[in-house]
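Morning, everyone. I was asked to walk through one structure, so please have the sequence and the model on your screens.

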Amino acid sequence: MTENTTADPAVSTDTDPAATVVAEGEGVTAELTAEQEDVLEALRDVVDPELGINVVDLGLIYGVDVDAERIATIDMTLTSAACPLTDVIEDQAREALEGVVADFRINWVWMPPWGPESITDDGREQLRALGFNI
């Protein structure tokens, strides 16, 4: 199950601050639950179709929450709000998360806007290997 919504990842209604990871890119230190780590690891199999790099290392994952019923809510952005590939990414996420969580939904968020500073060190190395100057 996915849901296309617009949310501000800086605003959270969670009572447990460790329940959500925000801005998975460089310099972020957040304590993650085992379930969140499992979701993020699975999402490394979701590859941005245009850049060929996974959505975690591109810094497209703004937050992950897994509730008691093992339903994951993923705050995710794209490199561009005009990207027509949300269906492809949702399908990849569905495959990657099968068996990891009972269900999931993606909140498509646009604030703060994605920028190259969100890319992890691993993502930067992958982009350089593809010939990008970053």
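I will go through the sheet, then the helices packed on it, then the core, and end with one more helix. One caution before that: this is a predicted model.

Start with the sheet. It is open and has three strands, in the order E1-E2-E3, with mixed pairing. E1 and E3 are the edge strands, and each has a single partner, so one side of each has no neighbour in the sheet. On average, neighbouring strands are turned by 15° against each other, direction ignored.

Now look at E1, residues 61–66, and E2, residues 71–76. These two strands run antiparallel and are joined by five bridges. Together E1 and E2 make a hairpin, with four residues between the strands. In that turn, Arg 70 has a positive phi of about 65°.

Is E1 enclosed or open? Six of its six residues are buried, so E1 is largely enclosed by the rest of the structure.

Next, the helices on the sheet. H1 lies across E1 and E2, and runs at about 135° to E1. H2 also packs on the sheet, where it touches E2 and E3. The direction of H2 makes about 150° with that of E3.

In soluble globular proteins, nonpolar side chains tend to be buried together. Here, the largest nonpolar core has 32 residues. Which residues have the most contacts inside this core? They are Val 39, Leu 43, Ile 61 and Met 76. The elements giving two or more residues to the core are H1, E1, E2, H2 and E3.

Last, helix H3, residues 121–129. Its buried residues are Gly 123, Arg 124 and Leu 127. Seen down the axis of H3, they fall within an arc of 100°, so they line one face of the helix. An α-helix has 3.6 residues a turn, so residues three or four places apart point the same way. On the face turned away from the buried side, H3 carries the exposed residues Glu 125 and Ala 129. After H3 comes Gly 131, with a positive phi near 100°.

That is all I have.

Conventions:
Residues are numbered from 1 along each chain as its sequence is written. This is a predicted model: local features need pLDDT of at least 70, side-chain atom pairs count only at pLDDT 80 or more; totals for chains, interfaces and linings use all residues. Side-chain values use heavy atoms; hydrogens and water are left out. Buried means under 20% relative accessible area, exposed over 50%, partly exposed in between (1.4 Å probe, protein chains only). Two strands pair if DSSP finds at least two bridges between them. A nonpolar core is a set of buried Ala, Val, Leu, Ile, Met, Phe, Trp, Tyr and Cys residues joined through side-chain atoms within 4.5 Å. The arc is that of the directions from the helix axis to the C-beta atoms. Axes are lines fitted to C-alpha atoms, for helices over the stretch in contact, and angles run from 0 to 180 degrees between N-to-C directions. Contact means heavy atoms within 4.5 Å.
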